[in-house]
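Please read it alongside the coordinates.

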Amino acid sequence: MNKENASKLWKFIQEAGDYLVGQLPDHPNHPKGRNPYAHVAICVKSKFNASYKDIPDEQYDEVIKYIEFLKENPS
C-alpha cells in the first residue's frame, strides 16, 4: 500500500479502536481488557493475510468496509 493510503488506513484503524473502547467481550488472556486498536489491526491482518501496510492499494476500499463491519460487530 502506498504511504498515503497506509497513513489514512492507520487513522481509520485508530478511529475504529476509539469507537470500540469498552465494547469488546472479555477474554481470559486479557484480564485488564482487550486493546481495541490491536484487535482491529489483528483482525485486518488475519482477514487479508498481511499487515495493513502490505495490503495492495486495490483493496483499500475493501479494508475500510471490513473495519466498518468490525465496528458494527465488536464480538
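Lys 53 touches Met 1 and Ala 6, leaving aside residues up to four places away in sequence, where contact means heavy atoms within 4.5 Å. The model is predicted, so local features need pLDDT of at least 70 and side-chain atom pairs count only at pLDDT 80 or more, while totals for chains, interfaces and linings use all residues. Residues are numbered from 1 along each chain as its sequence is written, and side-chain values use heavy atoms, with hydrogens and water left out.

- Lys 53 is placed in the loop between helix 2 (36–48) and helix 3 (60–72), helices being DSSP runs of H or I with at least four residues, numbered from the N terminus.
- With 46% relative accessibility, Lys 53 counts as partly exposed, a class between buried (under 20% relative accessible area) and exposed (over 50%), using a 1.4 Å probe and protein chains only.
- Asn 5 lies 48 residues from Lys 53 in sequence, yet their C-alpha atoms are 8.4 Å apart in space.

**Aromatic pairs and a charge over a ring**
- The whole structure holds 3 aromatic pairs, defined for rings of Phe, Tyr and Trp (its six-membered ring) whose centres lie within 6.5 Å, with planes under 30 degrees apart counted as stacked, over 60 as edge-to-face and the rest as tilted.
- Trp 10 and Tyr 52 form a stacked pair, because their ring centres are 5.5 Å apart and their planes are at 25°.
- Since Trp 10 lies in helix 1 (residues 3–20) and Tyr 52 in the loop between helix 2 and helix 3, this pair ties together parts that are 42 residues apart in sequence.
- Tyr 52 is buried, with a relative accessible area of 15%, whereas Trp 10, at 31% relative accessibility, counts as partly exposed.
- Phe 48 and Tyr 66 make an edge-to-face pair, 6.0 Å centre to centre with 80° between the planes, and this pair links helix 2 to helix 3 across 18 residues.
- Ring pairs join Phe 48, Tyr 66 and Phe 69 into a cluster.
- Lys 71 lies over the face of Tyr 19 at 5.0 Å from the ring centre, the criterion being NZ of Lys or CZ of Arg within 6 Å of the ring centre and within 35 degrees of the ring normal.

**The two sides of helix 3**
- Buried residues in helix 3 include Tyr 60, Val 63, Ile 64, Tyr 66, Ile 67, Leu 70 and Lys 71.
- These residues cover an arc of only 160° around the axis, which puts them on the same side of helix 3, the arc being that of the directions from the helix axis to the C-beta atoms.
- Asp 61, Lys 65 and Glu 72 are exposed on the other side of helix 3.
- The cover over the buried residues of helix 3 includes helix 1 and helix 2.
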